[in-house]
Amino acid sequence: MNRVTITEFTAEEDGVITQLSLFWTILFLAVGSLALDVSNGYRNRVVMQDAADAAALGAMYLSSDPLITKDEAKTRAAQLAHSNLASDDGTSVITKDDVTFGYYDATNHRFVTDYAEDLDLSPAVRVMAHRTTERANAAPTFFGKVIGQDGWQINTGAVAEAYQPACLTEGLAAKGVIDLQSGNSFASGFCLYAAQYVSLNQNNLFESGAIVSMPDTSKLDIPASGFKQNDGLQEALRTSFYKLRIIDRIPKIIESMRDGTGYLPSYITNKSPTVLTGTKLDTTDFTPGNLYVLNCNSSVTISVPNKTDTGNGKKSADTADTTAEETTDPAVISEVAVIADCPVKFGNGVALENAIFANTSTDDRSFSAPQGLRIGRDDNCAPDGGAKLITMGGVSSAAKISFFGGQILAVKDVSFSAQAEGIEGVAIVSGGKIDGTSNSRFGHCDTGMEGNIEMSYFRLRM
């Protein structure tokens, strides 16, 4: 056996690469482990963000239902987040207390909890997601433990906003076609939305700011010279799509009204239904503050009483005693909610102010009027005074209908012919088509439509 001297050993170069390989191996393992930890941290953050986004949108959707409390919406939003996190500690990442309702400040792009009149605010919710040491759910590390980093501290969140498309607040919206004729003018802010297409003839005027919207603007139906013959139409065109959610909600709206659990305005002080029978009623059969159910088999007509004794113990304005009631217009039905299950025909000159008429009839003419129906109070767009027709069928008015803060929600078609200056604040949403009028001005209020029955739409803002 050959002995190796110290001098020979120190001069020996065999195996030097092993030392270098060991160094690089340790370095690669360290960098790889660090990359694994960082990737795991980012993966956790993406999952948390997705869960927060879903929970925020879910909370806004649930809170838009008047039958669901905000507390219940928080609980269910947290449960939605847990299902998206799909981890054993997911329940601690987003809790019910991490869901906060408030407002989105569009001017300053921030979430606030307190309402302020001078800010452009819309209802919103913020959902925060946390993986922290304090919650004992920090995102785990592997190599990080060697250097004392036991877990990543990750905080993220989402803000969802509820909004109402302009076309559904004030304008005409249809799942089918909107077919208007000639000689109409549309004020700035007024909107036409059709899920299929809008059809126009000629000599219509669209002021700057008016909107004509549909998913595919190439389907716009106009004559060959339509843009020249419809001033402002080309500038008003928009591409957009809305699911008209309120249409599917109509049966539940009527059911909630009947039960007295929702959708009844504050002027209904007696929520116990009063049943009216017969095929002929007049406007004085409806007393302010009450909820009525029309028990009708085939149809019912509601007319303005003649200015003589009606023969049933009632007196008209001409024959009544000289009291404060003498100034009441007998044509006006005011501060009532009425539910019917058969076609309802409004007689000539009937007016609805602060009133809701709902109908479960699926007839194409579940609400109809031969002439002169007024929906809403003619008050120059002042708050209050609006009226609504809500039906699982269709609506038809032959002539001279007028809208002043009026709303129609119909599962089927809506057809109307309006007075020349008889539209000042209208919101019509149809699950079928809307067949409109000629030679009318479609005015835009911007105010006075606050009482509309609406379902919010939602989007992420932060």
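Which element gives the largest share of the lining of the largest pocket? That's S1, with three residues. Keep in mind that what you're looking at is a predicted model.

**The pocket**

**The chain as a whole**

Zooming out, the protein chain has eight helices and 34 strands. It runs to 462 residues, and 45% of them are buried. Take the contacts with a separation of 6 or more: 54% of those join residues 24 or more positions apart. The accessible surface comes to about 22,700 Å², with 51% of that belonging to carbon and sulfur atoms.

**Aromatic rings**

Now for the rings. There are 14 aromatic pairs in the count. One of them is Phe186 with Phe190, a tilted pair, and both of these residues are buried. Another is Phe286 with Tyr292, which is edge-to-face because the ring planes sit at 80°, and the cut-off for that label is over 60 degrees. Here are the two pairs next to each other:

| Pair | Centre to centre | Angle between planes | Type |
|---|---|---|---|
| Phe186 and Phe190 | 6.0 Å | 40° | tilted |
| Phe286 and Tyr292 | 5.2 Å | 80° | edge-to-face |

Is Phe286 buried or exposed? Its relative accessible area is 6%, so Phe286 is buried. Tyr292 comes in at 3% relative accessibility and therefore counts as buried as well. The cut-off behind both calls is under 20%.

**Charges over rings**

Which residue has its charged end over the ring of Phe101? That's Lys70, at 5.4 Å from the ring centre. As for Tyr457, Arg245 lies over its face, 6.0 Å from the centre of the ring.

Note on methods. Residues are numbered from 1 along each chain as its sequence is written. This is a predicted model: local features need pLDDT of at least 70, side-chain atom pairs count only at pLDDT 80 or more; totals for chains, interfaces and linings use all residues. Side-chain values use heavy atoms; hydrogens and water are left out. Rings of Phe, Tyr and Trp (its six-membered ring) pair if their centres lie within 6.5 Å; planes under 30 degrees apart count as stacked, over 60 as edge-to-face and the rest as tilted. Buried means under 20% relative accessible area, exposed over 50%, partly exposed in between (1.4 Å probe, protein chains only). A charge sits over a ring if NZ of Lys or CZ of Arg is within 6 Å of the ring centre and within 35 degrees of the ring normal. Helices (H or I, at least four residues) and strands (E, at least two) are DSSP runs, numbered from the N terminus. Contact means heavy atoms within 4.5 Å. Accessible areas come from the Shrake-Rupley method with a 1.4 Å probe; for residues, only the protein chains shown count as cover.
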